[in-house]
Amino acid sequence: MIIYIRGGGSVPGGRYRRCSSDRLYSPSPPRARVASFADIPQQPATMPIEDSGSKPDFSDDEKKAIKDSWSGVYSEYESTSSEILIKFFVDNPSAQDFFPKFKDLDSEEKLKSSTAVRWHAERIINAVNDAIWLLDEPEKNAKKLKELSEKHAVQLNVDAKFFKVLAEVILDKVAEKNDGSFSDSARSAWEKLLTYICISLKVAY
Ligand code: HEM
């Protein structure tokens, strides 16, 4: 029997991986009954980060989960923001081309020692922080993110496909900083938040 369990690569509709039930339940005799899907504790499915469609709404629990897991990242914003931006550039060198002022920073060491990179990283993390704290004021949030979208689309000509890529790096950092305490529901709330930010940053495109 083939079933789907959480934790593998993404497939449409959720984060599941295909797995033979034989590998989950090794047949140790005597075997009274075969375990069925109904025996597996069900957890809420998580959604991957999207950058199109309608903007998600947030429950109070989701907002709390986001704020709680953000505090450990933002309290060390100087280091965490640089780590995020540098990982983004190292994994996606072509994204760095949108930043003429970073054009000579052609190694991880140079990126790490650049004050300009650190400063820009802080601007990004502060924009994410603003989006989190404005979740209760959706109109204000939408306005701020729309202005940012216009800047990226019109003035900076940034390729919008990179928003989602950067969002994934942010999510990884949030998960890393929360280590064992990053629950599935917190991850799911974060995926929603980053979806909200990515869709909002694309409105002017
Ligand atoms: C989560 C996604 C992102 C956020 C929250 C964000 C936030 C910001 C903010 C707050 C600024 C400063 C705007 C201002 O000066 O008024 C900025 C500038 C900029 N962003 Fe983004 N950004 C994001 C993604 C990206 C991506 C993916 C790229 C390129 C691949 C990019 C390229 C730039 C560039 C080139 C600038 C101008 C830098 C300069 O001052 O010379 N951004 N961004």
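Student: Which residues are the closest to the ligand, and how many surround the ligand?

Tutor: The ligand is surrounded by 20 residues, the closest being A95, F98, R123, A127 and F162, where a residue counts as near a molecule if its C-beta atom, placed from the backbone, lies within 6 Å of it. This is a predicted model, in which local features need pLDDT of at least 70 and side-chain atom pairs count only at pLDDT 80 or more, while totals for chains, interfaces and linings use all residues. Residues are numbered from 1 along each chain as its sequence is written.

Student: Which elements give two or more residues to the shell around the ligand?

Tutor: They are α5 (115-133), α6, α7 (161-178) and α8, with α5 giving the largest share, 5 residues; helices here are DSSP runs (H or I, at least four residues), numbered from the N terminus. By class, the shell has 15 nonpolar, 2 polar and 3 charged residues, with Ala, Val, Leu, Ile, Met, Phe, Trp, Tyr, Cys and Pro counted as nonpolar, Asp, Glu, Lys and Arg as charged, and the others, Gly among them, as polar.

Student: What makes α6 oblique to α8?

Tutor: The axes of α6 (residues 138-155) and α8 (residues 184-201) come within 8 Å and cross at roughly 55°. Angles under 35 degrees count as roughly parallel, over 145 as roughly antiparallel, 65 to 115 as roughly perpendicular and the rest as oblique, and therefore α6 is oblique to α8. By class, the contact of α6 with α8 has 5 nonpolar, 3 polar and 1 charged residues.

Student: Why is L85 called buried?

Tutor: L85, which lies in helix α3 (residues 77-91), has 26 other C-beta atoms within 10 Å. A residue is buried if 20 or more other C-beta atoms lie within 10 Å of its own, exposed if 12 or fewer, and partly exposed in between, with C-beta atoms placed from the backbone, so L85 is buried. Leaving aside neighbours within four places in sequence, L85 is in contact (C-beta atoms, placed from the backbone, within 7 Å) with V117, H120, A121 and I124.

Student: How do you know whether N157 is buried or exposed?

Tutor: N157, in the loop between α6 and α7, has 8 C-beta neighbours inside 10 Å and so counts as exposed. N157 also has a positive phi of about 50° although it is not a glycine.

Student: What makes D179 exposed?

Tutor: D179, found in the loop between α7 and α8, has 8 other C-beta atoms within 10 Å, and is therefore exposed. Phi of D179 is near 40°, a positive value in a residue other than glycine.

Notes: Axes are lines fitted to C-alpha atoms, for helices over the stretch in contact, and angles run from 0 to 180 degrees between N-to-C directions. Two residues are in contact if their C-beta atoms, placed from the backbone, lie within 7 Å.
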